[in-house]
Amino acid sequence: MSDTAPELDLLVLGSGVAGLSAAVRGADVHNMRVGVLTKGELPQATTRWAQGGVAAVLHDDPDSTDLHLADTLACGAGLCDTDAVRVLVDEGPSRVFDLIALGAAFDRDPDGTLQLAREGGHSQPRVVHAGGAATGAEVERALVVAVQRSAAALYEDHFAVDLVTEGGRCRGVTAVAPDGRSVTVRAANVLVTTGGAGQLFAVTTNPLEATGDGIAMALRAGVAVADIEFVQFHPTALHHEAMPRPLLSEALRGHGATLRDGRGERFVDELSPRDVVSRAELEVMVAQGIDHVFLDARELEDFAARFPTIHTALREVGLDATRDLLPVAPAAHYTCGGIVTDLDGSSSLPGLWAAGEASCTGVHGANRLASNSLLEGMVFGPRAVEAIERGQVGATATGAMRSVLGADLDGAPVGPGTIGGRLMARPEPIPPAAGLPTEGWDKLRDGLQRAMSAGAGVVRDRETLAAGGLVADGAAAAVAAVAGTGAVPSTAACEMANLAEVARALVSASGARTESRGAHSRRDHPATDPAQRHRIFLA
């Protein structure tokens, strides 16, 4: 690869469900020259860690897309864009059948009917799984095979550093190649599908690669980013030294597993939205002086056959779900906000598109409904491709983008029933530290993760956010000092820069949202404030 390589029609950053769905559609349906750039290998994406499944209305009775929409809106705590959710629930079933056509094998009953499970926040069983709790791995497998067949260029083990902008339009990215060279990949359109920033926290279900790279690149380029304060903590991560934390899927509670405190008593409706369950767990842990609660799956029939992935993970740490209470605690799981897009995935920078966890489409609002994440990627990644094929340039005032393109930047609604947007400036760059860091990037990263877990975790307040912000500022200063040497940055340095960038944005937005809403819970502002029913976006 070099600067003289032919320009791509579409460069996809990341190799999860959103990006690979888009790449397949662009190459197979529209004969685009598509490239996929990923900092690991193609299958090494957060998608493969997704256990819960894909939520979609595949049967007419008793479920309906209206019920799926209502459940999503309720979980989003007043900040979902209704039009974006309507797109999700209406187009989702077709995208599931597209995956099946590519060879994805979802679980079925003996008569061939797709098995449907109910998960937290859902009023009906509508979640399809593969291998009980290996849905992400199966979705990823099917898409990787298709992309390897159709993509014009694959850039594995390449780290995207920053966006290339020319004439007010995104024209590609600068990246670090596997041999350490700085290279440029040019494209008429760039689709960011780099996932979330779970690695901001010391305890997470996300893989090591989830360092908020795409969101950080967007922030540095002045692209609008919103809802970054809403980080979902999954309530049933296995309490174990392994990292990322093994996830005990929502599907277990959907099939009847219960949560129990240190005395063995139930304390919460297990099928409540994840933010509700995580806060309930934290309250019990504080009250009883314990660092975990228990998931009781002993009554679930045929556990090993129905959930082979979880069964194997438990066996590896000496646990048996048919016999043991399983220790669990909340862990950072999903970044609900990201790069603001319209209903077609266009960002505020022409030529730059976003989908999946790196984006803010308006679907999730203040808290994501279980198993809507894979579906969002499957729907909005291909929608971006269709908009590119139509020749769309720049964003329209639809979806979450209405909050950015509205006339009022103080949070007032931009129309009847819409969500307004409150503009915040991106935190100012931090000057370089006086000297180069004396600690390695791993140690600096660990310190930032611990500070963010303590300061911006399940529950926050002004003092804890300020403390977390100081550590994030220190990390940014260390990165700036190294950048000042002019050396090509290592992957570890790039990831540290991105984590610090996103951490500072998260702390800033969390400090500005002086209320509790969805996945953002503040001790010092425990009530939801109707006057703050707006998106906070940084640009």
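**Close-up 1. The side chain of serine 15 and its polar partners.** The side chains of serine 15 and threonine 38 are joined by a polar contact of 3.4 Å; the term covers a pair of N or O atoms within 3.5 Å, where, within protein, one must be able to donate a hydrogen and the other to accept it, and residues adjacent in sequence count only if both atoms are side-chain atoms. A polar atom of the serine 15 side chain also lies 2.7 Å from the backbone oxygen of leucine 42. Keep in mind that this is a predicted model, where local features need pLDDT of at least 70 and side-chain atom pairs count only at pLDDT 80 or more, while totals for chains, interfaces and linings use all residues. Numbering starts from 1 along each chain as its sequence is written, and side-chain values use heavy atoms, with hydrogens and water left out. Where does serine 15 sit? Look in the loop between β1 (10-13) and α1 (17-29); helices (H or I, at least four residues) and strands (E, at least two) are DSSP runs, numbered from the N terminus. Serine 15 counts as buried because its relative accessibility is 3% (buried is under 20% relative accessible area, exposed over 50%, partly exposed in between, with a 1.4 Å probe and protein chains only).

**Close-up 2. The parallel sheet that holds β1.** Here we have an open sheet of 5 strands, in the order β5-β2-β1-β9-β16, with parallel pairing; two strands pair if DSSP finds at least two bridges between them. At the edges are β5 (153-155) and β16 (352-354), each pairing on one side only. On average, neighbouring strands of this sheet are turned by 20° against each other, direction ignored. Axes are lines fitted to C-alpha atoms, for helices over the stretch in contact, and angles run from 0 to 180 degrees between N-to-C directions. Zooming in, 3 bridges pair β1 with strand β9 (residues 190-192) in the parallel sense, and valine 12 stands opposite leucine 191 in β9. Helix α1 packs on the sheet and touches β1, β2 (34-37) and β9, its direction making about 160° with that of β2. Helix α10 (residues 373-390) lies across β1, β9 and β16, at about 155° to β16.

**Close-up 3. Where α3 crosses α10.** Two packed helices are described by the angle between their axes and the distance between the axes. For helix α3 (residues 82-102) and α10, that's an angle of about 95° and axes 8 Å apart. The pair is therefore roughly perpendicular (65 to 115 degrees; under 35 is roughly parallel, over 145 roughly antiparallel, and the rest oblique). On the α3 side, the residues in contact (heavy atoms within 4.5 Å) include Val87, Leu88, Glu91 and Arg95, and on the α10 side they include Met378, Val379, Phe380 and Arg383. By class, the contact has 10 nonpolar, 1 polar and 4 charged residues; Ala, Val, Leu, Ile, Met, Phe, Trp, Tyr, Cys and Pro count as nonpolar, Asp, Glu, Lys and Arg as charged, and the others, Gly among them, as polar.

**Close-up 4. The mixed sheet around β19.** This open sheet of 5 strands runs β17-β15-β10-β19-β18, with mixed pairing. Its edge strands, β17 (359-360) and β18, each pair on one side only. How do its neighbours run against β19, parallel or antiparallel? Strand β10 (residues 225-226) is antiparallel to β19, with 2 bridges, whereas strand β18 (residues 420-424) is parallel to β19, with 5 bridges. Valine 225 stands opposite leucine 538, and glycine 420 opposite histidine 534. Strand β19 (residues 534-538) is mostly covered, with 5 of its 5 residues buried. Helix α5 (residues 213-220) lies across β10, β15 (338-340) and β19, running at about 50° to β15.

**Close-up 5. Phenylalanine 537 in β19.** Phenylalanine 537 is found in strand β19, with alanine 226 standing opposite. With a relative accessible area of 3%, phenylalanine 537 is buried. Leaving aside neighbours within four places in sequence, its contacts include Ala224, Ser403, Val404, Leu409 and Met424. The C-alpha atom of phenylalanine 537 is separated by 6.8 Å from that of aspartate 227, 310 residues apart along the chain.

**Close-up 6. The β7 and β8 hairpin.** Strand β7 (residues 169-176) and strand β8 (residues 182-186) pair over 5 bridges in the antiparallel sense, and glycine 172 stands opposite arginine 186 in β8. The hairpin has 5 residues between the strands, and there glycine 180 takes a positive phi near 90°.
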